[in-house]
Amino acid sequence: MSNLKGSLADQIDRVADAPSNNWVYRTLPRGLWPYAQLARWDRPIGWQLLLWPCWWAAALAPQAVQTGAVHTGLPSLWQLFLFLVGAIAMRGAGCTYNDLVDETIDTLVARTRSRPLPSGRVSRLQAKLFLVVQALVGFLVLIQFNLFSVLLGVASLGVVAIYPFLKRFTDWPLLGLGLAFSWGALMGWAAYWGTLSLAAGLLYAGSILWTIGYDTIYAHQDKEDDALVGVRSTARLFGERTRLALTILYLGAIALFAGAFVLTGYGTGGGPEWPAYAGLAAGAFQMIWQIRTLDIEDADQCLRLFKSNTVFGWIIFFGLIFSSLWALSFPLAGI
């Protein structure tokens, strides 16, 4: 009987769409579960997708100049670590903020009504205090960078603040998500150079298109509930034309990424070497696989394809890293 009660308690304390074997439920005390769920620690894909534009930019920026033994073109491991911690903290803070804004809507959607706020396992005051703690962690990370990066990071809060409200007024709320989730492409460049460039802008724009694409796939899980409660999304907007829309979005992302790579080396004698472009081509094939595989009526498959975008992130990142290593190993190859 005690085992049965424990099992029922576990089900009550968990979120419907969260993996049951996550480290949160194996490691953390039960009292911390609701806070971990607010921050989505049991679903790491979110902070991973937030991290990738940061790491791409951090890996691309040093390749604007390559002078053999003087400069390797490799990203700073310290900055990569800071971006990792910052992505986890700010994704958690963003999710907590979204849950506070969307509590009423979440109670009406089957997938979200078991979240801590609509289920009553956390009060609004507790959620707000937890939001402040996470934001403070993010701020401590931010002030490790140069002043320009600090100001740029603070500027991103305006985009983050308006995003949860967009789905009430426009079919393009994921554009707001893209603007917020891709900000790291600007941060990674600014952290290295203390300024921005057109290359960083193209990387940012490509990341926005990528974000709209993968989150449109994710949004197909909720389109029936969204229609009932009046929430708007690109999944509902595109409908049966989602494959065509993804083709345009993903093709645009690849083209903008390629432009960022080219402009990084323009006039500097540097820029990414062939492994970066090979990684970009491999990433394009991963995107094609997503589009060809997609069944918008299969919610489980939509979730799997959405999560596969962290593979795309690794492909682009390692392409840039191998580009730097190639330039270091063969410093005269491009001369």
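In helix H9, the residues Ser-149, Val-150, Leu-152, Gly-153, Ser-156, Val-159, Tyr-163 and Pro-164 are buried (under 20% relative accessible area, with exposed being over 50% and a 1.4 Å probe applied to protein chains only). These buried residues fall within an arc of 160° seen down the axis of H9, so they line one face of the helix (the arc is that of the directions from the helix axis to the C-beta atoms). The face turned away from the buried side carries the exposed residues Leu-147 and Leu-151. Helices H5 (77–101), H8 (124–142), H10 (173–181) and H11 (184–193) are among the elements that cover the buried residues of H9.

The model is predicted, with local features requiring pLDDT of at least 70 and side-chain atom pairs counted only at pLDDT 80 or more, whereas totals for chains, interfaces and linings use all residues. Residues are numbered from 1 along each chain, and side-chain values use heavy atoms, without hydrogens and water.

The largest nonpolar core has 72 residues, of which Trp-56, Phe-83 and Trp-210 touch the most other members (such a core is a set of buried Ala, Val, Leu, Ile, Met, Phe, Trp, Tyr and Cys residues joined through side-chain atoms within 4.5 Å). Helix H4 (residues 45–60) supplies the largest share of this core, 13 residues. Another core, of nine residues, lies apart from it and includes Leu-38, Val-122, Ala-127 and Leu-131.

In helix H18, the buried residues include Phe-312, Ile-316, Phe-317 and Leu-320. Among the elements covering the buried residues of H18 are H4, H5 and helix H12 (198–219) (contact means heavy atoms within 4.5 Å).

Definitions and conventions:
Helix = DSSP H or I, 4+ residues; strand = E, 2+ residues; numbered from the N terminus.
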